[in-house]
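Please read the following walk through a protein model with the sequence and the structure side by side. The text moves from the ligand to the strands, then to the core and the parts around it.

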Amino acid sequence: MKPLPSKSPVGKIGEDTYSTYVGCTKFKQLPMSKKTIDGLVKGKYKEMTDIQRASLPHSLCGRDILGAAKTGSGKTLAFVLPILEKLYKLRWGPEDGVGSIIITPTRELAGQIFEVLTEVGKHHGFSAGLLIGGRKDVGAEKERVNELNILVCTPGRLLQHMNETPNFDCSQLEVLVLDEADRILDDGFKAEMNNIISQLPKQRQTLLFSATQTKSVKDLARLSLKDPEYINVHEED
Ligand code: ADP
Ligand code: MG
């Protein structure tokens with residue numbers, strides 16, 4: 001594993017170092033912690049998929065991403081790994097609260113993401129929660145939600161906590177992920193997403209992934225992306 005260049009101050013990820021890692025093909029060539037690499041080994045992940053190879057050098061260096069790649073191409077790890085690494089480098093702890101929020105359109109997708117997150121992140125000490133509504137007791141969730149570091153949510157349930165849970169605090173948010181971004185920025189979720197985004201700090205890393213490239217400039221403006229890296233693999237599809 002290549003160490004991070006020494007000019008990167010402890011607790012900060014240098015944003016100018018991604019070029020060092022462009023062209024890497026294996027996870028272990030990337031500047032990631034042993035805890036994360038061990039989680040990947042346990043999950044038998046070795047070679048990166050195209051979207052992971054194209055995005056991780058940038059996202060691990062703290063850059064915003066607008067990534068498109070077809071279903072089944074490995075987008076989950078492309079956002080789970082930068083979350084784990086950023087919170088790890090910042091020495092995120094239980095008292096720091098919500099450091100990352102992943103928003104995805106359906107409960108089923110949220111469940112799948114949560115599984116990957118807890119599998120690959122098992123050697124880290126972060127707490128993660130699945131906030132997806134349905135029959136799960138929102139009352140019990142409200143007691144715990146402020147202790148969680150990484151939230152995997154559907155838009156409706158996240159907004160419910162933002163509006164109803166006393167002291168729900170995302171003011172320290174470091175990484176926002178919109179999975180299936182084209183779907184959650186679509187009209188069906190528009191009001192909920194606008195409301196959510198208006199309650200999140202603008203100073204953060206934002207990672208957008210979907211099967212098709214998000215084209216609406218308005219969407220990008222309301223997300224306050226900062227010089228995002230546009231990635232479109234499988235363009236021929
Ligand atoms: P997407 O979100 O793009 O539809 P997923 O993240 O759900 O794709 O991944 C699809 C499948 O590919 C999953 O079964 C996952 O375990 C597998 N996968 C992801 N990345 C890799 C990898 N680097 N090596 C091997 N399998 C992978
Ligand atoms: Mg996916």
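In this predicted model, helix 3, spanning residues 75-89, contributes three residues to the shell around ligand 1, the most of any contributor. The shell has 13 residues in total, and the closest to the ligand are Thr71, Ser73, Gly74, Lys75 and Thr76. By residue type, the shell consists of seven polar, four nonpolar and two charged residues.

The chain as a whole contains nine helices and seven strands. It has 237 residues, of which 40% count as buried. Among contacts in the chain with a separation of 6 or more, 73% are between residues 24 or more positions apart.

The strands can be followed through their pairings, starting with strand 2. This strand covers residues 100-103 and is covered on both faces: Ser100 and Ile102 lie on one side, Ile101 and Ile103 on the other, and all of them are buried. Which strands pair with strand 2? One partner is strand 4, residues 150-153, joined to strand 2 in the parallel sense over four bridges. Within this pairing, serine 100 stands opposite isoleucine 150, and isoleucine 103 has cysteine 153 as its bridge partner. Another partner is strand 5, residues 175-179, which runs parallel to strand 2 and is joined to it by four bridges. Here isoleucine 101 stands opposite leucine 176.

Strand 4 also has its residues buried on both sides. Ile150 and Val152 point one way, Leu151 and Cys153 point the other way, and all are buried. Besides its pairing with strand 2, strand 4 is joined by four bridges to strand 3, residues 128-131, and these two run parallel. Glycine 129 has leucine 151 of strand 4 as its bridge partner.

Strand 1 runs parallel to strand 6, residues 205-210, with four bridges joining them; isoleucine 65 stands opposite leucine 207. Strand 1 also pairs with strand 7, residues 229-232, in the parallel sense over four bridges. In that pairing leucine 66 stands opposite tyrosine 230.

Next comes the nonpolar core. The largest one has 59 residues, and Ile101, Ile102, Leu151, Val152 and Cys153 touch the most other members. Helix 3 supplies the largest share of this core, with eight residues. Helix 3 is also the element that gives the most residues to the shell around ligand 1.

Apart from its neighbours within four places in sequence, isoleucine 102 is in contact with Phe79, Ile113, Leu151, Val152, Cys153, Val177 and Asp179.

Leucine 176 belongs to strand 5. Why is leucine 176 buried? A residue counts as buried if 20 or more other C-beta atoms lie within 10 Å of its own. Leucine 176 is buried because 24 other C-beta atoms lie within 10 Å. Leaving aside neighbours within four places in sequence, leucine 176 is in contact with Ile101, Leu200, Arg204 and Thr206. Leucine 90 lies 86 residues away from leucine 176 along the chain, and the C-alpha atoms of the two are separated by 16 Å.

Helix 2 takes up residues 50-59, and nine of its 10 residues are buried, so it is largely enclosed by the rest of the structure. The buried residues are Ile51, Gln52, Arg53, Ala54, Ser55, Leu56, Pro57, His58 and Ser59. They pack against strand 1, helix 3, strand 6 and strand 7.

Finally, there is an annotated span. UniProt, in an unreviewed entry, places the feature "short sequence motif: Q motif" at residues 25-53. In the model this span is 45% helix and 0% strand, and the C-alpha atoms at its ends lie 6 Å apart.

Note on methods. Residues are numbered from 1 along each chain as its sequence is written. Chains are lettered from A and ligands numbered from 1 in the order in which they are written. This is a predicted model: local features need pLDDT of at least 70, side-chain atom pairs count only at pLDDT 80 or more; totals for chains, interfaces and linings use all residues. A residue is near a molecule or strand if its C-beta atom, placed from the backbone, lies within 6 Å of it. Ala, Val, Leu, Ile, Met, Phe, Trp, Tyr, Cys and Pro count as nonpolar, Asp, Glu, Lys and Arg as charged, and the others, Gly among them, as polar. A residue is buried if 20 or more other C-beta atoms lie within 10 Å of its own, exposed if 12 or fewer, and partly exposed in between; C-beta atoms are placed from the backbone. Two strands pair if DSSP finds at least two bridges between them. UniProt positions are given in the numbering used here, feature names are shortened, and annotations may be inferred rather than shown by experiment. A nonpolar core is a set of buried Ala, Val, Leu, Ile, Met, Phe, Trp, Tyr and Cys residues joined through C-beta atoms within 7 Å. Two residues are in contact if their C-beta atoms, placed from the backbone, lie within 7 Å.
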